[in-house]
Amino acid sequence: MSDNPNQQQQAPDRGGLSQAELDALVASSDTGGRGTTGTVGIFLTCVALAWSLFQLWIASPIPFIVGWGVFNDTESRSIHLAFAIFLAFAAFPAARSKFQLGLGVVVPVVLAFLFMVGAKENASTWWIPLVAAALVLAILLGSPKDRVPIWEWALGIIGAIAALYLYAYYRDISGRVGAPILQDFVIAVIGLILLLEATRRALGPALMIVASVFLVYTVLGPYMPSIIAHKGNSLAEIVNHQWITTEGVFGIALGVSTSFVFLFVLFGSLLDRAGAGNYFIQVAFSLMGHMKGGPAKAAVVSSAMTGLISGSSIANVVTTGTFTIPLMKKVGFSSEKAGAVEVASSVNGQIMPPVMGAAAFLMVEYVGIPYFDVVKHAFLPAVISYIALVYIVHLEALKAGMQGLPRAYTPKPIIQRLIGIAFSVAAICALSFAVYYGMGWIRPAFPNAAGYIIFVFLTLVYVGLLYVASKEEPLELDDPNAPVTALPLPGPTVRSGLHFVLPVVVLVWALMVDRLSPGLSAFWATAYMVFILLTQRPLTAIMRGEGKIGNTVAQGVKDLIDGLETGARNMIGIGIATATAGIIVGAVSQTGVGSALADVVEVLSGGNILAILFLTAILSLILGMGLPTTANYIVVSALLAPVIVTLGQQNGLIVPLIAVHLFVFYFGIMADVTPPVGLASFAAAAVSGGDPIRTGVVAFFYSLRTAALPFLFIFNTELLLIDVTWVQGIFVFVIATIAMLLFAAATQGWFIARNRIYETLALLLIAFTLFRPGFWMDMVAPPYSEENPAEIAAAAMATPVGEDLRLRVAGVNDLGDPIEFVAILPIKEGATGDERLTNAGLLFRDEGGTLFIDDVTFGSAAESAGLDWDQEVLRVLRPIDQPSKYLMFIPALLLLGLVVFLQRGRNARSPRKSAAA
């Protein structure tokens with residue numbers, strides 16, 4: 001209970017919602033709108049606890065040590081979905097708007113009709129309408145928010161049983177794959193219909209509609225337009241593909257949710273419960289609150305740190321926004337701009353390594369690379385994006401002439417502060433090296449006891465940091481509406497929670513240094529977080545001499561239970577989303593719509609790679625208006641990622657698969673911002689009291705830097721640290737950061753002074769040149785010389801060994817359709833050009849002056865390049881020496897100097913004008 005009786009009444013004064021209403025907003029979107037009171041509440045808490053404990057069990061090495069409780073992937077996915085479906089019906093009341101109610105009635109009826117149409121002639125289908133009718137009746141009976149009626153208990157239990165079917169009959173099903181029996185039909189139909197209803201409750205109508213459309217398309221394939229038509233699939237094929245194998249609902253997406261995502265969400269929930277979220281906010285304010293627009297800059301930094309422990313944009317907005325938005329308004333930001341800053345920074349939390357949004361873990365499976373590589377590729381764009389947002393806030397403060405909040409101390413001279421910072425960085429680096437090499441020595445020296453030694457060492461560090469924290473005043477979450485007399489002191493604030501950094505260090509170490517799997521890394525970090533939750537309160541009480549150890553132990557246990565429950569409730573939506581997205585992925589693989597869609601996209605885009613990227617971005621934004629980020633990523637990447645790679649190759653641009661998946665991921669996140677349905681913008685407007693649409697529009701402009709980055713790293717993969725050295729990586733980071741700051745200055749209309757239109761265009765041109773200098777250099781000095789196909793042997797001889805010879809070839813694809821693409825052929829050693837081509841795996845024949853590939857050696861470089869026999873060689877592109885693309889920086893920097901000169905001149909004249917007036 002708050003000590004201030006007027007606190008709840010103050011919230012409306014600022015035009016926003018009260019804390020209780022904000023908690024309800026987060027609950028309705030993330031954890032379920034039904035509360036946890038009474039016997040039912042205790043039961044739901046026990047179910048959520050059981051889910052968290054089950055996930056910890058299967059992630060730990062304990063089952064393999066004791067030889068009991070070992071579940072294979074399919075069995076664990078089945079149990080995971082059973083928990084998610086049961087809690088979706090129990091925790092989320094169904095929306096009762098006319099549209100939602102109509103959808104809840106129409107979808108089961110339509111699917112029942114389609115399943116009957118798709119059944120074979122001799123199949124029994126009389127029971128299918130009964131399933132749909134029972135669900136429709138349950139929906140019409142209502143869904144109260146304050147209790148769980150008996151029909152919803154029934155829906156939850158039946159849905160859980162349908163999900164557990166794979167676990168219970170795993171061996172039987174494996175013996176009849178492709179030949180389902182009546183029992184399989186009944187369970188699959190019930191499971192699919194109830195899963196879609198659970199999706200409507202937990203995630204809204206959009207994903208339910210998209211998945212239903214794909215099921216309709218699966219059955220009615222022969223009646224579709226010719227370009228996307230297919231033979232149509234029977235009910236037996238749908239049951240087999242979607243429910244009783246791992247091609248559909250129980251596919252890769254649900255597997256990633258089971259193995260990785262749950263543990264990271266649980267880790268974040270426990271860390272937040274321990275007090276880390278409040279600690280990050282307070283540290284950011286103590287360090288940055290005094291700057292121009294300080295609260296907004298602190299909001300960006302605290303949201304970046306909170307993004308490490310929160311996988312939800314909405315939860316992030318409400319968690320940090322309740323504190324930061326009123327303070328931003330206090331220093332001069334409007335309600336809409338304050339909300340927009342919080343939205344832009346909170347949404348970016350999902351792209352911030354090392355703990356990214358759930359979709360990042362799906363990339364591990366879809367792209368087939370370790371999570372370490374995903375983090376490495378995503379790191380630079382995420383950091384650049386956050387630096388640019390801090391700069392945008394700085395520009396807003398300059399435009400409005402804002403000041404920061406008053407400091408709590410008199411700062412030391414700048415030289416002394418710089419020396420202190422340099423010393424701190426050196427000390428951290430020295431400590432990192434000592435830990436790294438110390439660990440490297442402990443493992444070989446004590447192979448069997450290394451784990452125990454490391455735990456003891458970590459515990460000693462933890463106790464030491466907790467002792468330091470115990471000497472400081474405990475951090476309380478201040479009332480942001482109270483008058484601010486001074487910011488908290490940075491030193492005591494930082495020292496009061498340094499032990500919260502330890503679990504993050506454990507996680508990062510396991511992921512990045514030991515290269516453990518994401519699941520095992522998250523398990524060890526979560527296990528250490530459990531240890532901290534149980535011990536921090538009692539140990540702090542002992543160190544402060546406060547007594548009442550029993551009370552603090554009980555409070556620690558309560559914190560742990562709350563964290564485990566919240567982690568499970570936060571996973572309901574993600575578990576349901578990944579399962580339902582599996583329906584879409586299953587339909588794509590079953591119907592072959594992917595290749596049909598490639599034809600549609602190619603027609604719409606005219607084969608232009610930039611047009612395809614724009615279409616992909618627009619599709620992500622449209623789907624993201626209703627789909628959660630994870631489901632959006634799964635759908636768009638399944639449909640369009642292969643198309644972008646293929647069409648890039650046809651345009652002579654080799655696009656790495658990870659770049660395409662990050663492109664889709666970024667635009668899926670952007671959908672949380674984009675009006676008219678950006679959910680994070682609505683959450684921020686609820687806190688600030690501003691207009692949600694205007695908040696979304698401002699946040700969209702603030703997020704243009706996030707929208708520009710994906711286009712840039714598709715064409716300049718150095719931004720993803722692909723094939724770069726350390727020195728190149730640092731150089732790319734510095735240049736790309738400068739370019740993004742200039743881009744931000746252009747989009748905000750302010751650099752040193754207010755921009756003129758021609759200055760904005762100049763800044764955009766400079767930013768583009770710094771990001772992609774090769775674009776201009778290729779125009780000035782082409783990197784390839786076009787040779788006649790007959791000169792291919794001479795071109796191969798002139799190409800240095802190890803470099804690539806590019807061939808534009810024409811042939812047919814796997815479906816017999818004509819294609820034209822650029823193949824990249826690495827040149828091997830050889831005394832002559834013909835010998836080099838033979839060693840690369842190619843033989844040619846000449847037919848009347850036309851060069852054809854006669855044979856391709858199996859397993860050769862030529863086969864890997866996509867070359868095949870009977871393809872016609874249209875052109876040979878031989879690499880030639882080209883001046884360094886970085887020479888283009890010279891005119892760009894000269895133009896930047898001119899803009900600086902013009903704006904400085906205007907700034908110098910404006911005070912004189914003011915004085916004259």
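**Close-up views of a predicted protein model**

**View 1. Strands β4 and β5 form an antiparallel pair.** Strand β4 (residues 842-847) and strand β5 (residues 850-856) run antiparallel and are joined by 6 bridges; two strands pair if DSSP finds at least two bridges between them. Look for Leu-843, which stands opposite Asp-855 in β5. This is a predicted model, in which local features need pLDDT of at least 70 and side-chain atom pairs count only at pLDDT 80 or more, while totals for chains, interfaces and linings use all residues. Residues are numbered from 1 along each chain as its sequence is written, and side-chain values use heavy atoms, with hydrogens and water left out.

**View 2. Gly-848 sits in the hairpin of β4 and β5.** The hairpin has 2 residues between the strands, and Gly-848 takes a positive phi near 60°.

**View 3. The protein has 39 helices and 6 strands.** Here helices (H or I, at least four residues) and strands (E, at least two) are DSSP runs, numbered from the N terminus. The radius of gyration, taken over C-alpha atoms, is 30 Å, close to the 29 Å that the globule rule (2.2 Å times the number of residues to the power 0.38) gives for 917 residues, so the protein is as compact as a globular protein of that length. Its C-alpha trace spans about 95 × 85 × 70 Å along the principal axes.

**View 4. Buried residues make up 53% of the 917 residues.** Buried means under 20% relative accessible area, exposed over 50%, and partly exposed in between (1.4 Å probe, protein chains only).
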